[in-house]
Amino acid sequence: MKSITFFLERRTFLFAAPGIALVASLFILGGYAAYSGKSQVARITQAQVDYAQTRNDALDAWRDELVEIESAPGASAPAYAARPMSIRKPAVAPAAPLGDFAIGASDLLPAQTELSAWVNPADLFSEYEFANPTLLSIGRFDLSMMVVLLLPLLMIAASFDIWSAERESTRARLIAAQAGAVKPLIWSRLIFRNGLIWGVFTLVALAAGLAAPGAQELSSTRLANLAGWIGAAWIYGAFWFALIAFAVAYFRRSEIIAATLFALWASFAFLTPAIGGAVSEALYPPPSRLAALSEMRDAKSEAGKATAELTKGFLADHPEMTVSDDDVPFYYASTWLANREAATRTAPILRAFEESRQQRQETINLLQYLSPAVIANRALLSFAGGDVDRYRAYQAEARAALADLSERIGPAVVAKQRLSLAAYDAMAPFAFTETTAGDKARDLAAPVAFLLALALALGWGARRRLGAPLEKILL
Amino acid sequence: MLEAKSLSKSFGAVNALNDLNLSVQEGEILCLLGANGAGKTTTINLFLGFLEPSAGEALIDGVAAHQDPAGTKAKLGYIPEQVALYPQLSGLENLDYFLRLAGVQAKETELLEALEAAGLERAAAPRKAGTYSKGMRQKVGIGVALAKKAPVLLLDEPLSGLDPSAANDLCGSLRQLRDNGRAILMATHDVFRAKEVGTRIGIMKGGYLVDQLEADKLDAREIEQIYLSHMHDGADAANAA
Amino acid sequence: MISAIAHKELKIYLRSGVFLAVAAALIGLIVMSVVLSVQRVTAFEHERASAVAADRTIWDEQGVKNPHGAAHFARYAFRPTPTLAAFDPGVSDYAGMALWMEAHYQNPAVFRRAEEQGDTGWIASLSPAWILQTMTPLFIFLVLFGAIAGERESGTLRQNAALGVSPRALAGGKLGGAALSLGVVIAPVLAGALFVAAGAGGTVTLEDNALRIAGLTLTYGVFLLAVGAIAIGISALCRDRRSALIALVSIWAVSFVFTPRLAGDIAASTHPEPDAGAFTAALQKAARGLGADAEAMAALPSEAMAEYGVERMEDLPINFLGYRLQKAEEYAYDLFAEVYARLGAVHDAQERILSAASVISPVIAVERLSSGLAGVDRLHQQAFIDNAEAHRRVIVEQLNRDFMIHGADASGAAYTADENLWRQIEDFDHEALPFRAVAGSYLSSALLLLAYLLGSIVFVRWAVARAQKRVIQS
């Protein structure tokens, strides 16, 4: 049956206008999406390298001052030189190992900041909202988006009338009069056309995956995530394949099959996420950032009043105008204490906000079971590292690193001393811990298994129907 | 070669075919005449194995069509009212494809010979089937049956919509096939063409085979009279039952 | 003749299961989106009102401190949400809704609601405008794909031609019937959506709401009529219903789903956003402006003495520190403006690419018009930012001047002020742009949409004539 199918498909699809257009559009759009993703990752990586370099250069200079001071213990050092409060460490979440496969939250959430004891953990991420909101609201074009939205559409367009067109033209009768059974023919044609789509796309994805962007190396982490990403994409493809086969088997008229499949596509890809998002927002509103902001400001204001007593509220903003060289250690100590007080007061608010957000997210995650597109989107974003969770994890790690920095320098600052070189060198630079592909797979196991089960159930239904007596599928 | 034994088919409460008994031997053409809904196409569908009988058997060379679909189809050639081909493929490629579906691998020369034998001009064979007239498509259909060397031919209204010349060509081909020993069952509305090609003529009404006539013993006008009298006589079906 | 055809079409649609199902889905979706959107906008405004009140209290109760210290303690400007955002949220979820008005620094607007939308936010967000822009055309295509192709298949197109029905009459009748039957469904829900959105309680009503609502009605009316005409035209070009359906769904996918995203991506790649780190560094450099300009700093004392007509610094009737701080503030105005203008130029260039793409994807033009009319596009966001910046300057100057004048006798920063001064600082009150003032910005989109309508009417007439000719010749 395979050679007969190839004989037919070669002439009617593969080397005909529809097949050529399909393969060309997959190569062009896939190639563009891959190129665009790589350019974006290269741009982000370069910007982060520059960002970290500037700060690391400053840290090196700071360390040189400390070395100089330690090497001449008796000599008097400049008041501001090598003070622990001047440590500003870069904390960067590098582009995800497969970041070029999904833009996801990368253009919305911050991936770099500066760790400094001057900063309250609640304010650690600021001044990153420069992107054009018009473009953000439109959404972007990347390989993950192609899988979620475009590929199912191409699958439907390529195969919705594989059998109904034969039936409507009465070729089906001629076919059935020659072949003993039509089931293998229908399956093999469905597999051929959809296999072509997925084969071409997988080639594009593999080529994009094996060519790491910019200066990145092809790491085992990238390969593991690539395998996960392609696996998730294929399972999503299997769902659509089974759904199309089901519609082909059960519905008679081409236009009904097409309209049903397109309507389902629009429902899964757009309506369910849109309605689900709106309903969940109404039922479980996200915690109010404005309310949290007010609470935090209140807490910080109260904490700040302690220092205001001493400095009349001016010192922290303009130390150069008010603090004499002799007062510098006192000034740093009081500022550190005030900041710690503010951090202590705002921590519960920040924690409550994050917990509320987490609880809401867990509830909303249940909605993914209403739409295979949402499951696929989540899985693909997760393997590509464009998911919100990755950025939230980065924020949590950066805040923890800030707390660690603050605690490490605290005793020296309060004692109005400098850190020892050994203590400074013992402080490791910030390094974001990526979730492993295995952990991601474990996290996604339930929804992806659900998707697979759905695909199997639909495939079983289609197989059963196509195996029914001819009069059910032919006449 | 082709035999219906107490063959019946119901669709829910509707009895489309009732207790049909007939046989067609090698070198014979049985033409089934009847109005729309008389049961002609249902009979052909049962022999093709497209439908499962509610009772009785549709036998091809002694084998029930629905019990061995692959085996019986190998012996069948089928020409529907509209022979639909893939417009992107040539007549030759269409023939090749349908033969492959039937499990027959033929050389190009054999394919061309089959088409020629079916009456298709050699020059038309490599042309895209999208450019074919209905008559040319019918010839490709006959070509499939010829190349398959099918001993039994089932034709469902093959003459409808054909111009007189094409219909004449088709009738000529059928006579030739009959003379070559094929057993042919043809459903048609055309009394005169039935008389022209048929060995026997069966008249169907309301799912019953109400009469069988020897074509060479009556002229076309007499056959038409008998046919019309059956059509106008409401009691016929009951009598036949 | 046209009215007879339109009447027949109306009858057929009202008896069609597909039409009734689509109509029910459309009504259900729009009603649901209106209810949820109004609830959402009302909640936003409630949230904003609480935040404004809290900001006022925190500001007033900040305690005794130097006025310039208070300028750093600072206040927030919160962006009001216009009622029409319940109809079309535009970019409001992707643009910062709060602006920190601090001394020496022009902050970007922060807190974007989209950051809380999770991983599916990018796919779609429900609003009446989204339903009308994206889903309604799909529904129209699903209803109209057989408009002419179906007649061709069933042979009635040939029959009509034999009866002498002209292409103009057929096209007009088909379009009229479709407009009438779909209008019966869409017009009331559009009017209802706008009415409910505009009247949502507790939210900010734009002063020129009536003009904006009229504009929105016209925009969607023209857009959907053009969509209907295109659907009928494509149906006439296709041999059968099946190919018409595939052609229309393909057009929808390309034009309504993929082109805007692709155009957005090309815009972002061609004109990349500045890196946040580099941009912040530029802002910080602007903030250091006067401090980094040694010459200007050195000239300040003489400028101050000249301004107040004294010859010695100790004779200045003001606190020089306060004077210097205010001068530093003013020095930075142009520097900040320049930095943000660079960003604005990038965003403008990006949007020019979107505008170019709207030629093949008219929904981009509709999005632009709709969000502009609803007062929630980047232009209106920029107006909020500009107003907030103006207010920041007023607040900081008010505080610095108090420091200068009333702190004249105090040395350095020893002068303090209290709640009496804080209470004099007014809350930020944002007046949205009147639409007339910015209408010119939307002219190209409006003209494009109009051209689409005219083009689609010419197209449908041509396509129907071609279909008639084909069936006559067949």
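Of the 2 pairs of chains in contact, which share the most contacts? Chains A and C do, where two residues are in contact if their C-beta atoms, placed from the backbone, lie within 7 Å. This is a predicted model, in which local features need pLDDT of at least 70, side-chain atom pairs count only at pLDDT 80 or more, and totals for chains, interfaces and linings use all residues. Residues are numbered from 1 along each chain as its sequence is written, while chains are lettered from A and ligands numbered from 1 in the order in which they are written.

**Contacts between chains**

- Chain B and chain C are joined by no contact, and their closest C-alpha atoms lie 13 Å apart.
- The contact between chains A and B takes 23 residues from chain A and 23 residues from chain B.
- On the chain A side, the elements giving two or more residues are helix H1 (2-14), helix H6 (171-178) and helix H17 (470-474); helices (H or I, at least four residues) and strands (E, at least two) are DSSP runs, numbered from the N terminus.
- H6(A) provides the largest share of that side, 7 residues.
- The side of chain A that touches chain B divides into 14 nonpolar, 5 polar and 4 charged residues. Ala, Val, Leu, Ile, Met, Phe, Trp, Tyr, Cys and Pro count as nonpolar, Asp, Glu, Lys and Arg as charged, and the others, Gly among them, as polar.

- Leaving aside neighbours within four places in sequence, A:Leu380 is in contact with residues including A:Ala102, A:Ser144 and A:Trp229.

**Residues with positive phi**

- A:Thr170, a residue other than glycine, has a positive phi near 65°. A:Thr170 is placed in the loop between helix H5 (164-168) and H6 of chain A.
- A:Thr170 counts as partly exposed because it has 15 C-beta neighbours inside 10 Å; a residue is buried with 20 or more other C-beta atoms, placed from the backbone, within 10 Å of its own, exposed with 12 or fewer, and partly exposed in between.
- C:Ala74 also has a positive phi near 65°, and lies in the loop between helix H3 (67-73) and strand S1 (75-78) of chain C.
- C:Ala74 is buried, with 20 other C-beta atoms within 10 Å.
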